[in-house]
Amino acid sequence: MIDELEHKYFCILPWIHLNININGDVTPCCRIQPDVKYGSTHTDNLTDIWKSAEVKKFRNEVLSQNNKNSCKDCTQIDKTNGLSHRSVSNFVFKKHFHRSLNDSHTEIFPTYLDIRFSNVCNLKCRTCSSKYSTGWYSETNRIENTNHIEPIRLTENFNELWSSFHKILTQVESIYFAGGEPLLQDEHFLFLEKLIEHKLTHIKLTYNTNLTHLNYKNWNALDIWKNFKSVSVSASLDGHGEIAQYLRKGHQWQQIESNINKIKKQSLEIYFAIHITVSVLNVFRIPASIRFWLDHGFVTDANQLVINFVEHPKYYNINILNDREIESLKKIYLDSKESFVLPSGLNISDGINIKLSHILAKLSQEQQLEQRSEFRRITQELDKLRNENTSLIIPELEALMTEDTF
Ligand code: SF4
């Protein structure tokens, strides 16, 4: 058995997982550095990719601890005691550790797939881009003088894609769908229909969604999910109310609340979690949003709150805060301690404060003050295009928005 303490870069994913991106690239996971790639669905079928020399090579890199650079996202998060994709995967898939002891890749197919069908999305979140959302196209075209029109799609021929997938699904236990926005994509719903038709409803479905829509064309996600044994929905929410609408431009907050309530009222038990993308734009408001979500019963357990950090673009990283801002942030977090109580009276402050301390721990990394002017330039440009005023919506950033020098 692999000893994680002796092998600190060990990750189980290369033995059990494939990440299939919207451009067809197949990689070890969604956090890997861009130069690591197993193959492409445009030129190879998934079975051949899974059995390829590239997969074997990356496994050997992991076993010989030479994956430090390829896996630097996880390594950095682990350094601040955060929850890296590696540590979560090693915990969730521990029962598969034995697979890494021999080279069994030709006999055992993946257990877990991450599929992204396209960048079709209705929102233009501040920290996102046209690479991941068609909602960004018109603004990117204006700002960068580009000409984005068509979405990037994993396939134009769904039936062909399904035949490539079909063989590799035999041992899959769970599939993660992200986007773009999976609940607004034909391919996603067609894929679920195929899973039902082929009696693959034991596969656990997990989602990262902006939760703006549960209905799309003739499909209703809640109705289709009833066919599956297990569904887990993670909503990407970076705040609540006005700041949520500012950060994830294009939705009405009340619609999100209504959809969360619909999910929670389902007879099918759907595990619900909130994924918070922490950036300089929302870092001051996170305790208040967590309190709101607890008060409204959206989450009842600290484990339902998952923290991710924006690393790129660098100007949204919380490490652009100066010393004065860091001190005021620490005070906000300190003042919120002990105040995370559920409507039932249950105090879950300990679990939440661990999450908040991970955010503060990130501030101990090197400051990137040189990014402040770029933050200001981009934010002012977007404010103008969107007719918004960041300093008014987030007064905590007023100095950052107005300073001449740093
Ligand atoms: S260590 Fe992180 S980056 Fe590397 S394969 Fe595992 S999850 Fe991906």
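User: Quick one on E374: buried, exposed or partly exposed?
Analyst: E374 is partly exposed in this predicted model, with a relative accessible area of 26%.

User: And which side chain does E374 meet in a salt bridge?
Analyst: That's R377, with N to O at 2.8 Å. Both residues sit in helix α15 (residues 372-386), and being three residues apart they are separated by about one helical turn.

User: What's the relative accessibility of R377?
Analyst: R377 comes out at 44%, so it counts as partly exposed.

User: Switching topic: how many salt bridges does the structure hold?
Analyst: There are 22. One of them joins K37 and D25, at 3.1 Å from N to O.

User: Where do K37 and D25 lie?
Analyst: D25 is in strand β2 (25-27), while K37 is in the loop between β2 and β3 (39-40), so the pair ties together parts that are twelve residues apart in sequence. K37 is partly exposed, at 39% relative accessibility.

User: OK, what about K124, which residue does it form a salt bridge with?
Analyst: K124 goes with E139, and their closest N and O atoms are 2.9 Å apart. K124 lies in strand β5 (residues 124-125) and E139 in helix α6 (residues 137-144), so this pair ties together parts 15 residues apart in sequence.

User: Is E139 buried or exposed?
Analyst: E139 is buried, with a relative accessible area of 4%. Buried here needs a value under 20%.

Key. Residues are numbered from 1 along each chain as its sequence is written. This is a predicted model: local features need pLDDT of at least 70, side-chain atom pairs count only at pLDDT 80 or more; totals for chains, interfaces and linings use all residues. Side-chain values use heavy atoms; hydrogens and water are left out. A salt bridge is a side-chain nitrogen of Lys or Arg within 4 Å of a carboxyl oxygen of Asp or Glu. Helices (H or I, at least four residues) and strands (E, at least two) are DSSP runs, numbered from the N terminus. Buried means under 20% relative accessible area, exposed over 50%, partly exposed in between (1.4 Å probe, protein chains only).
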